[in-house]
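Trainee: Could we go through how the helices pack in this one? I have the sequence and the model open.
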Amino acid sequence: MATHAPAIALLVINVGLLWLLLAFPVGVRTIRVSRTFHASRDKIWNAIFPLGQSADWHHSVLTSQSFADAPDRVQQTYTHLDRHGEPIVRTLQIMQSLSGTEYTARVLEDSALDAAFWTDFSERRCLGGDGDVMHLTIEQTDRYRGLAFLIFRFFSLRREMKSLQQWLDTGESKPARAVFEHPLVQCGLAVLSTLLLWPFFGLTRGGLMLSTLLTLVIVLHELGHLAAYRAFGHRKVRMIFVPLLGGIAIGGRPYNSLFEVATCALMGAGLSAFLIPAAIILHKAAGHGTFGSGTAVLIFLLILGAFNLLNLLPMNRFDGGQVLRQVFRSRSGRMVGSFLITLIIAAVGWRVGLSAPALLAGLAVFALLSMMGSTGVKPRHRLDEMTGSQRILSGLGLYSAVALHGYAVVYATDRLFSWSQG
């Protein structure tokens, strides 16, 4: 039991962090951000009020105009794109307003998201101060499940305040990459994650190699998602590295079709699957003489296969669950598809020597993760359905990825065991 303690601890930490970020019942919370500006009240008010003369000052706002028959409603058009690549249009209702001082608004319609997404959302902006020293406070209230989206909104408001200061100083509001998303920062976070994982594998040279290879596998997995986004025409894609938890690939617009959802989810493991034959050939070419040659390739294969097999489990939070929900539209179909994938992965675990209690415990943990619920945001309109050929292609791709990564685990485990015995 002691030999499995680091792996169990890492698993518990990851499950706990996922629960906090994605499923913790935060409830209704208000985010509040304040900043002091050296500018006139009229200039700031005309920028922050949706019907102000400078309401389109922000680089993400194209237009902001009222309705002739409803003066308390505002239609705003954004540079952010919807599923068809068109600018998102959002309708606001001004519920309370005190000219030059404060207003409260809520979202009535959104061309990209279902109205239910905005049910509990409201925003209040207050402007106070004297002369050219003004204090702006922005409050956003909403119901949250998990801390991730709440944290995202907090930093979005901070960036908006920074952009407003730039506009007041220079008359321009240029889109700026968040410091957290800068490539150098992400590289630093990848290194940090490697170092944080190191103790779980043992503070030795071999442990550092294991944590480094795991980080590399995570990066390759997310690159697969990014490649799929690009293939479907996403103009901007990026990867966010979260220490211990791994990486998150982010596309440039909402999904347009169920086939796009399935393909983008599958390509994380799909890209890695193409590396398996190459790694096996490299292992055979390197030989079995030293730990640093052929054996290192086997360890990479083992980590690559195991990591992607876990991601292909048919759970709500995992890529496998995403693909299954698109391929099998009926409940019975999803149950059969989930059972087959779980059976294959369990068979791989049994083949490499995992005990029945260990397999059952692992499946129980991932079932618990699945019960956290889906994080998907409901779009306003139904996504385009799959054609029959697309459904077959996605299904074959899913089971091929499972089979290839399963073979990688078996291949690597058998030869590592033979090497250790020899």
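Mentor: A crossing is left-handed if the near helix is turned anticlockwise from the far one by less than a right angle, and right-handed if clockwise. This is a predicted model, where local features need pLDDT of at least 70, side-chain atom pairs count only at pLDDT 80 or more, and totals for chains, interfaces and linings use all residues. Residues are numbered from 1 along each chain as its sequence is written, and side-chain values use heavy atoms, leaving out hydrogens and water.

Trainee: Which hand does the crossing of α5 and α6 have?
Mentor: Helix α6 spans residues 258-286, and its axis lies 7 Å from that of α5, at an angle of about 125 degrees. Angles under 35 degrees count as roughly parallel, over 145 as roughly antiparallel, 65 to 115 as roughly perpendicular and the rest as oblique, so α5 and α6 are oblique to each other. Their crossing is right-handed.

Trainee: How many charged residues does the contact of α5 with α6 have?
Mentor: Contact means heavy atoms within 4.5 Å. Among the residues making it are Leu220 and His221 of α5 and Cys264 and Met267 of α6. Ala, Val, Leu, Ile, Met, Phe, Trp, Tyr, Cys and Pro count as nonpolar, Asp, Glu, Lys and Arg as charged, and the others, Gly among them, as polar. By that scheme there are 10 nonpolar, 6 polar and no charged residues.

Trainee: Is Cys126 buried or exposed?
Mentor: Buried means under 20% relative accessible area, exposed over 50%, and partly exposed in between (1.4 Å probe, protein chains only). Cys126 has a relative accessible area of 16%, so Cys126 is buried.

Terms used. Axes fitted to C-alpha atoms, helices over the stretch in contact; angles between N-to-C directions. Helix = DSSP H or I, 4+ residues; strand = E, 2+ residues; numbered from the N terminus.
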